[in-house]
Amino acid sequence: QVQLMESGGGLVQAGGSLRLSCAASGNIFSINAMGWYRQAPGKQREMVAVITSGGNTDHAGSVKGRFTISGDTAKNTVYLQMNSLKPEDTGVYYCYVQLSRGGGSVTYWGKGTLVTVSS
């Protein structure tokens, strides 16, 4: 099995910064990508950022220029540096890892870490 351990969430004032971390462990052989989604109260889960095994990144338009995703392949860890936080960034942030499996892929999710941005 695969486990994802997230950390770094918390309460911060608008304009502040937080850094989320997510470490994957367990039966990991081939990572396609790791990334973050978030879910605000009453809203659907949305993609925040992703980094592929080749180091390519993508960020949602709402966070571009403020959030940066990075990864440490040796540690199977992904980070999300969040700057200039806004109240609308409040939500539960979920880490995921997509692995290659038998010609296809499988995705595992973390339990989420809460980010609260006060105005």
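**Aromatic pairs and an open sheet**

The structure, a predicted model, holds three aromatic pairs.

Visitor: Why is the pair of tyrosine 37 and tyrosine 96 called edge-to-face?

Guide: The ring centres are 5.6 Å apart, and a pair requires centres within 6.5 Å. The planes stand at 70°, and an angle over 60 degrees counts as edge-to-face. The pair of tyrosine 37 and tyrosine 96 is therefore edge-to-face.

Visitor: Which parts does this pair tie together?

Guide: Tyrosine 37 belongs to strand E4 (residues 31–39) and tyrosine 96 to strand E9 (residues 91–101), so the pair joins parts that are 59 residues apart in sequence.

Visitor: Is tyrosine 96 buried or exposed?

Guide: Buried means under 20% relative accessible area. Tyrosine 96 has 10%, so tyrosine 96 is buried. Tyrosine 37 has 25% and is partly exposed, since partly exposed runs between that limit and 50%.

Visitor: What makes the pair of tyrosine 96 and tryptophan 109 tilted?

Guide: The centre-to-centre distance is 5.3 Å and the angle between the planes is 40°. Stacked needs an angle under 30 degrees and edge-to-face one over 60, with the rest called tilted. The pair of tyrosine 96 and tryptophan 109 is accordingly tilted. Tyrosine 96 lies in strand E9 and tryptophan 109 in strand E10 (residues 104–109), so this pair links parts that are 13 residues apart in sequence. Tryptophan 109 is partly exposed, at 39% relative accessibility.

Visitor: Which residues form one aromatic cluster?

Guide: The cluster consists of Tyr37, Tyr96 and Trp109.

Visitor: Why do strand E1 and strand E7 stand at the edges of their sheet?

Guide: The open sheet has four strands in the order E1-E3-E8-E7, paired antiparallel. Strand E1 (2–7) and strand E7 (67–72) each have a single partner strand, so one side of each has no neighbour in the sheet. Neighbouring strands here are turned by 15° against each other on average, direction ignored.

Visitor: How do you know that strand E3 and strand E8 pair?

Guide: Pairing requires at least two bridges. Strand E3 (residues 18–26) and strand E8 (residues 77–82) have six bridges, in the antiparallel sense. Cysteine 22 has valine 78 in E8 as its bridge partner.

Terms used:
Residues are numbered from 1 along each chain as its sequence is written. This is a predicted model: local features need pLDDT of at least 70, side-chain atom pairs count only at pLDDT 80 or more; totals for chains, interfaces and linings use all residues. Side-chain values use heavy atoms; hydrogens and water are left out. Rings of Phe, Tyr and Trp (its six-membered ring) pair if their centres lie within 6.5 Å; planes under 30 degrees apart count as stacked, over 60 as edge-to-face and the rest as tilted. Helices (H or I, at least four residues) and strands (E, at least two) are DSSP runs, numbered from the N terminus. Buried means under 20% relative accessible area, exposed over 50%, partly exposed in between (1.4 Å probe, protein chains only). Axes are lines fitted to C-alpha atoms, for helices over the stretch in contact, and angles run from 0 to 180 degrees between N-to-C directions.
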